[in-house]
Amino acid sequence: MQTPKPDPTNFFLAAGGALITAALLLHVAGGVTSWLQTGEWIDTPWTGALEVLLEPTRPGQAFGLGEVMTPVLYWVVFGSLVSLPIGALGAAARLRQRRAASTASRTRQLTARPGLATREDVQLAAGRRQVVRRGKSARPLAHLPSPTDVGVYLGRSRGVECWASVEDSLITVGPPRSGKGIHQVIAGILDVPGAVVTTSTRPDNLAATLAVREAIGPIAIFDPQGLGSTGDVRWSPIRGCESPTIAIVRASGLAAGAGFSKGGVSDGAFWHGQTEMALRGLLHAAAIDGAGINQLYRWGLEPASAIEAVAILNRSDGAAEGWGDTLDGIVRMDGRTRDAIWAGVRSALSALADPAVRKNLDPLEGEGLDPATFLRDRGTIYLLGTGVGASATSAFIAALLEDITEAARQLAAGNPGGRMEPPLSLILDEIANLCAVPSLPALMADGGGSGISTHVVIQSLAQARDRWGEQAAAAMWDAATLRLILGGSAQPRDLQDLAAVCGERDDEVRNWSRGPDGGRTLSTSTRRIPILPPDVLRTLPFGVGVLLARTAPPILLTMRPWTDRSDADLIRSSIAASTQPTASS
């Protein structure tokens with residue numbers, strides 16, 4: 001087989017173009033130099049300018065000027081003519097790179113990717129009409145509801161407003177500094193139509209939303225650790241535990257602080273269950289006896305001290321049947337098993353070692369947070385705490401959350417349709433860093449039907465798996481009706497999982513080949529590729545997220561920061577007022 005000879009046409013065309021360009025540049029340089037020295041333009045043809053290359057030290061000969069034209073000036077002018085277009089091209093290239101790197105440009109490039117939701121898909125999945133239509137069943141008592149009555153604004157996609165319904169459960173996944181607060185959490189606290197319960201490990205959200213929420217309803221700030229120096233209410237985990245139901249609810253939350261529900265703990269379910277049974281017995285006994293938080297703390301230090309609680313349960317007519325025997329059985333177990341269970345009890349109650357925390361958990365008679373009252377009055381409850389440190393109150397935050405959701409369910413049961421009216425919104429920012437609320441997976445699955453909307457904000461799926469365990473984290477993800485993915489993750493497994501959830505599309509591959517006779521043939525094939533590969537998800541621009549709404553294709557969502565809201569000045573004033581030093585400081 002003979003190899004076809006290369007075609008020299010392209011070479012000759014390139015060479016000819018280079019010569020013409022050089023001749024024009026040399027001619028223009030001669031004209032400019034002549035004008036600078038004589039005040040007149042040259043009248044020689046441009047093709048003759050190539051003679052300059054034969055005598056570079058005497059450029060005037062090519063233009064009929066002889067020694068009048070200064071060689072140095074000519075070559076300076078020529079160099080300037082050459083460098084100007086090169087510099088202009090370089091500046092244009094840099095400008096283009098900057099524009100390509102800008103958020104708007106990157107967003108346009110992402111929008112053009114095949115497989116993403118179309119305008120019609122967005123309208124059907126999260127548009128204004130859809131949220132109003134769903135709202136008629138979510139809030140049957142609301143007359144002619146608007147989107148703000150039955151939903152929360154999330155952002156825009158393809159020119160369409162995207163909304164979350166009050167019966168939706170939402171998970172937002174984004175690493176630190178990815179814009180979760182500025183784009184979603186603060187707006188969610190401000191815009192929900194009913195009562196709000198929100199958690200955080202820092203007082204940032206509290207500072208930004210306090211002034212606006214105060215105009216809507218009562219405010220309660222539960223901050224037993226004094227993270228924001230703004231705590232104004234106290235809450236007793238004991239009060240009300242005369243009722244076995246309440247004792248069970250609160251013990252479930254406290255037991256989450258023992259850490260047995262995390263993945264990697266051998267027989268974690270058994271130890272968690274035993275710890276929960278011990279805690280509910282201690283809470284029930286403390287409530288029946290009228291004991292305060294100091295007594296509960298003393299009982300939790302060692303099993304021997306809990307014998308007093310066993311005696312209270314066994315002699316009281318108001319004690320739940322069998323609870324005394326259950327607690328007595330735990331206290332009298334063999335040493336290793338009993339000590340392991342009591343290690344969980346001590347861990348759950350460890351924050352009580354701090355006298356300041358005990359004070360905030362032991363209100364006077366007639367004082368203390370009443371969740372039902374706040375929920376009825378469209379109030380806002382801020383829960384501040386940490387999951388690490390010597391005085392970490394995560395277990396008590398979890399217990400209070402369980403208490404609030406149980407109160408909401410009781411209120412909903414007495415309303416028409418079995419729903420909270422207006423709905424309750426749980427905006428759980430950094431919840432995985434704070435506490436593993438045991439009922440959260442179930443709440444996300446069925447809370448919407450009771451008028452309880454849940455928005456869980458986490459840093460990564462790996463964080464959720466570590467805090468709740470593999471199965472519970474997967475159940476939470478499956479139960480969410482809306483999932484918002486932000487950029488910046490560095491977890492390879494998470495990125496691969498999220499790319500798989502976003503789906504795949506057909507990609508047509510074209511292959512060109514050349515035969516021995518020089519002819520070209522085209523063949524096509526189809527392959528499946530991710531709609532949004534891991535590298536695209538990792539590099540999502542700030543302020544842009546991917547919304548997975550039920551069965552719709554991935555929605556590229558452009559979010560609105562709170563600084564662009566109409567009430568941004570009020571939010572700034574709230575932040576300024578909250579961050580001013582007090583008179584005592």
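## Exercises on packed helices and buried residues

At 15% relative accessibility, Ser252 counts as buried (buried means under 20% relative accessible area, exposed over 50%, partly exposed in between, with a 1.4 Å probe and protein chains only). Keep in mind that this is a predicted model, where local features need pLDDT of at least 70, side-chain atom pairs count only at pLDDT 80 or more, and totals for chains, interfaces and linings use all residues. Residues are numbered from 1 along each chain as its sequence is written, and side-chain values use heavy atoms, with hydrogens and water left out.

**Exercise 1.** Find the helix that holds Ser252, then list the contacts of Ser252 beyond its neighbours within four places in sequence.

*Solution.* Start with the place: Ser252 belongs to helix 9, residues 244–255 (helices are DSSP runs of H or I with at least four residues, strands are runs of E with at least two, and both are numbered from the N terminus). Next, skip the neighbours within four places in sequence, and you get Glu276, Glu402 and Pro438 in contact with Ser252 (contact means heavy atoms within 4.5 Å).

**Exercise 2.** Is Thr275 buried or exposed? Work out its surroundings too.

*Solution.* First, Thr275 sits in helix 10, residues 268–289. Its relative accessible area is 0%, so Thr275 is buried. Now look at the side chain: one of its polar atoms lies 2.8 Å from the backbone oxygen of Trp271. Finally, setting aside neighbours within four places in sequence, Thr275 touches Ala258, Phe260, Ile341, Gly344 and Val345.

**Exercise 3.** Describe how helix 11 packs with helix 14.

*Solution.* Take the geometry first: helix 11 (residues 293–301) and helix 14 (residues 335–348) pack at about 150°, and their axes are 8 Å apart (axes are lines fitted to C-alpha atoms, for helices over the stretch in contact, and angles run from 0 to 180 degrees between N-to-C directions). That makes the pair roughly antiparallel (over 145 degrees; under 35 is roughly parallel, 65 to 115 roughly perpendicular and the rest oblique). Then check the residues: Trp299, Gly300 and Leu301 of helix 11 meet Trp342, Val345 and Arg346 of helix 14. Val345 also turns up among the contacts of Thr275.

**Exercise 4.** Do likewise for helix 4 and helix 5.

*Solution.* Helix 4 (residues 119–126) and helix 5 (residues 128–138) pack at about 20°, with axes 5 Å apart. That makes helix 4 roughly parallel to helix 5. Helix 4 brings Gln123, Leu124, Ala125 and Ala126 to the contact, while helix 5 brings Arg128, Gln130 and Arg134.

Key:
Polar contact = N/O pair within 3.5 Å; in protein donor to acceptor, adjacent residues only side chain to side chain.
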